[in-house]
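Me: Hello! Could you walk me through this protein, one question at a time?

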Amino acid sequence: EIRETYKDQLKGFLKPDPFAQKVLNTSSIIEYDEKKLAELYKSAFDSSLEAYLYFDTFPEHALDIGVVPACPLLEEPIVSRSDTEFSRFVKALNATDWVRAGHEAFPHPQDGLCPYCQQKLPADFEEKIAACFDTQYLNDIEAVKAFRDTYRGYMLNLYHIFSGNLDKKTLPELDLEHYKAQLGVFSEKVKNNITLIDQKIQKPASVVTLEDITPDMLDMNYITMKINEKIDENNRAFAERKNSIERFPQVLWGMIAHRLQGEIESYRSKLQ
């Protein structure tokens, strides 16, 4: 069965006499696993074998939860402490967030008219609006906005690393469906978290809690490491092709001689 499998490597020795002489003259008898022999054959003679790029992983420090962007303000109500007559009126209506959002949408009234009801605004309208929101309130909102940009940039960088791996030519036998599925889960959770941050910016008095996606990052890294192990195995085989070509005939004949040890000993004992 070995001879049938590796006929191309036994040319000139397939007939009984030359085959028998070759076995009798094989001094290096080797006990070798057939699966390993097949792997050695592939590394030596598989013309489709080539080296592949490794999958990129995210920077090692990114695994430290301490460097993942965080913002304690998300879980705290952000409220204005202003105490003007107009701000007390707005607070009584529970409309602080609505007034701020409405003013941001139309920061420069046209012709002194309200952009919503088209009635004439008081001359000191801008001053009254500004007085509704104390400095700390405005600074906290800006801090949340800055966090959103930092968080989005950080996660987008990780996503580009993960998704960029799919653009690489890789081992045909690799099944990347699990990798793609996990990448989709990671992406969706990031989008949901950014939506929550946007909600906080629109309604600073609300409390939001982001989903911890560190486990998903670790899962992506683990899957990537496993893929790289297979790529590394392939690349080492490719790099060792020359040695494999030289070694294969020795291992093949040594294995055949080992399988025929009983016959060889019986043959030699009859010659004595």
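This is a predicted model: local features need pLDDT of at least 70, side-chain atom pairs count only at pLDDT 80 or more; totals for chains, interfaces and linings use all residues.

Me: How many helices and strands does the protein have?
Reply: Helices (H or I, at least four residues) and strands (E, at least two) are DSSP runs, numbered from the N terminus. Read along the sequence, the pattern is α-α-α-α-α-α-α-α-α-α-α. The count is 11 helices and 0 strands.

Me: What percentage of the residues is buried?
Reply: Here buried means under 20% relative accessible area, with exposed over 50% and partly exposed in between (1.4 Å probe, protein chains only). The protein has 272 residues, and the buried ones make up 35%.

Me: Among contacts between residues at least 6 apart in sequence, what percentage joins residues at least 24 apart?
Reply: A contact means heavy atoms within 4.5 Å. Among the contacts between residues at least 6 apart in sequence, the share joining residues at least 24 apart is 82%.

Me: How are helices α3 and α10 arranged relative to each other?
Reply: Two packed helices are described by the angle between their axes and the distance between the axes. Axes are lines fitted to C-alpha atoms, for helices over the stretch in contact, with angles from 0 to 180 degrees between N-to-C directions. The axes of α3 (residues 34-45) and α10 (residues 241-259) come within 8 Å and cross at roughly 150°. Angles under 35 degrees count as roughly parallel, over 145 as roughly antiparallel, 65 to 115 as roughly perpendicular and the rest as oblique, so α3 and α10 are roughly antiparallel.

Me: Which classes of residue make up the contact of α3 with α10?
Reply: Residues meeting there include Leu-37, Leu-40 and Tyr-41 in α3, and Ile-245, Phe-248 and Val-251 in α10. Ala, Val, Leu, Ile, Met, Phe, Trp, Tyr, Cys and Pro count as nonpolar, Asp, Glu, Lys and Arg as charged, and the others, Gly among them, as polar. The contact of α3 with α10 divides into 10 nonpolar, 2 polar and 4 charged residues.

Me: How are α8 and α9 arranged relative to each other?
Reply: The axes of α8 (residues 177-202) and α9 (residues 214-239) come within 10 Å and cross at roughly 160°. Among the residues that meet are Leu-183 and Phe-186 in α8, and Met-220 and Ile-223 in α9. The crossing angle is why α8 and α9 are roughly antiparallel.

Me: Is Val-190 buried or exposed?
Reply: Val-190 sits in helix α8. Leaving aside neighbours within four places in sequence, Val-190 is in contact with Tyr-151, Met-155 and Ile-213. With a relative accessible area of 9%, Val-190 is buried.

Me: At what angle do α10 and α11 pack?
Reply: Helix α11 covers residues 261-271, and its axis is 4 Å from that of α10; the two pack at an angle of about 65°. That makes α10 and α11 roughly perpendicular. Ala-257, His-258 and Arg-259 of α10 make the contact with Gln-261, Glu-263 and Ile-264 of α11, at the packing angle of about 65°.

Me: Where is Gln-118 found?
Reply: Most residues other than glycine have a negative phi. Gln-118 has a positive phi, near 65°. Gln-118 is in the loop between α5 (96-105) and α6 (125-132).

How values were computed. Residues are numbered from 1 along each chain as its sequence is written. Side-chain values use heavy atoms; hydrogens and water are left out.
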